[in-house]
Amino acid sequence: MNPQQLHDLIIKPTLEYMGGNYYSKESAFLLLCTAAIESDCGYYIKQINGPALGIWQMEPSTEDDIWQNCDALDDSPFISVIGDLHLSKDDRVGYNGLIESSKYACAMARLKYSMDPNPLPKLTGDNNADSRAFYDYYKRVYNTELGASTFDKWAVALKKHRIFEVEL
């Protein structure tokens, strides 16, 4: 997927729709980078030989954890905001919302990051420093020590998709 369109048509509108402090250039950049490394910017929406789903390659157990443990989802009106992003109202659909609705998948990825008590890194304009800071945050919070991601893979994905050229 074109990363500028991913930002303009999915990431930014979703984060703004979520309200509060969910949108910032840093959060949009982090989600764009996450999509670049996790799914090749949306090329894969189902992990090969694995359970991860959607542009942000979220595992069903992670989606469950967000619904059970994200403090923001203790708020009934906000639950409706997130639920409205899910295309299907049929509970039997299960985890397909991560595939069927890119905006829902985006919101889930942002909520995953929001569960971390540390602030997002700040964009400095130094691509090397920003790449390292955002990778370290992504690796600790999203991919974890058990994940297959490396800084080299991150750097290749950002370069391949020209992430630093996206107008945030």
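Biologist: Let's start with A36. Is A36 buried or exposed?
Modeller: A36 counts as buried, because its relative accessibility is 2%. Keep in mind that this is a predicted model.

Biologist: Where does A36 sit, and what does A36 touch beyond its sequence neighbours?
Modeller: A36 lies in helix α2. Leaving aside residues within four places in sequence, A36 is in contact with C41, A157, H161 and I163.

Biologist: And how far is A36 from I55?
Modeller: Their C-alpha atoms are separated by 8.7 Å, and the two residues are 19 residues apart along the chain.

Biologist: You mentioned C41. What's going on with C41's backbone?
Modeller: C41 has a positive phi of about 60 degrees, although C41 is not a glycine. You'll find C41 in the loop between α2 and α3.

Biologist: Buried or exposed, that C41?
Modeller: C41 is buried, with a relative accessible area of 0%.

Biologist: What about N49, how does its phi look?
Modeller: The phi of N49 is near 60 degrees, a positive value in a residue other than glycine. N49 is also found in the loop between α2 and α3. On accessibility, N49 counts as exposed, at 81%.

Biologist: Back to helix α2. How do α2 and α8 cross?
Modeller: Helix α2 covers residues 25-39 and helix α8 covers residues 151-160; their axes come within 9 Å and cross at roughly 105 degrees. The two helices are therefore roughly perpendicular to each other.

Biologist: Which residues meet there?
Modeller: From α2 there are C33, T34, A36 and I37, and these meet K153, W154, A157 and L158 in α8. By class, the residues of this contact divide into six nonpolar, one polar and one charged.

Biologist: Okay, new topic: aromatics. How many aromatic pairs are there?
Modeller: Searching the whole structure gives eleven aromatic pairs. One of them is Y113 with Y142: the ring centres are 5.1 Å apart and the planes are at 25 degrees, so this pair is stacked.

Biologist: Which parts of the chain does the Y113 and Y142 pair tie together?
Modeller: Y113 lies in helix α6 (residues 102-114) and Y142 in helix α7 (residues 127-143), so the pair ties together parts that are 29 residues apart in sequence. Y113 and Y142 are buried.

Biologist: And Y135 with Y138, stacked or tilted?
Modeller: That pair is tilted, because the ring centres are 6.0 Å apart and the planes are at 50 degrees. Y135 and Y138 are three residues apart in helix α7, which means about one helical turn separates them. Both of these residues are buried.

Biologist: Which residues do the ring pairs link into a cluster?
Modeller: The cluster consists of Y113, Y135, Y137, Y138, Y142, F151 and W154. As for F151, R132 lies over the face of its ring, at 3.9 Å from the ring centre.

Biologist: Tell me about Y138 then. What does Y138 touch?
Modeller: Not counting residues up to four places away in sequence, Y138 touches L30, T34, I37, E38, Y113, N143, T144, S149 and W154. Its relative accessibility is 1%, so Y138 counts as buried.

Biologist: How far apart are Y138 and Y113?
Modeller: They are 8.3 Å apart in space, C-alpha to C-alpha, and 25 residues apart in sequence.

Biologist: How do their helices, α6 and α7, cross?
Modeller: The axes of α6 and α7 come within 9 Å and cross at roughly 100 degrees. That makes α6 and α7 roughly perpendicular to each other. The contact is made by A109, K112 and Y113 of α6, together with Y137, Y138, V141 and Y142 of α7. Sorted by class, this contact of α6 with α7 has six nonpolar, no polar and one charged residues.

Biologist: Last one: where is T62?
Modeller: T62 lies in helix α3, residues 60-69. T62 is partly exposed, with a relative accessible area of 21%.

Methods:
Residues numbered from 1 in each chain as written. Predicted model: local features only at pLDDT ≥ 70, side-chain atom pairs only at ≥ 80, totals over all residues. Heavy atoms only, no water. Axes fitted to C-alpha atoms, helices over the stretch in contact; angles between N-to-C directions. Helix = DSSP H or I, 4+ residues; strand = E, 2+ residues; numbered from the N terminus. Parallel < 35°, antiparallel > 145°, perpendicular 65-115°, else oblique. Contact = heavy atoms within 4.5 Å. Nonpolar A, V, L, I, M, F, W, Y, C, P; charged D, E, K, R; others polar. Phe/Tyr/Trp six-rings, centres within 6.5 Å; stacked < 30°, edge-to-face > 60°. Buried < 20%, exposed > 50% of the residue type's maximum accessible area, 1.4 Å probe, protein only. Lys NZ or Arg CZ within 6 Å of the ring centre and 35° of its normal.
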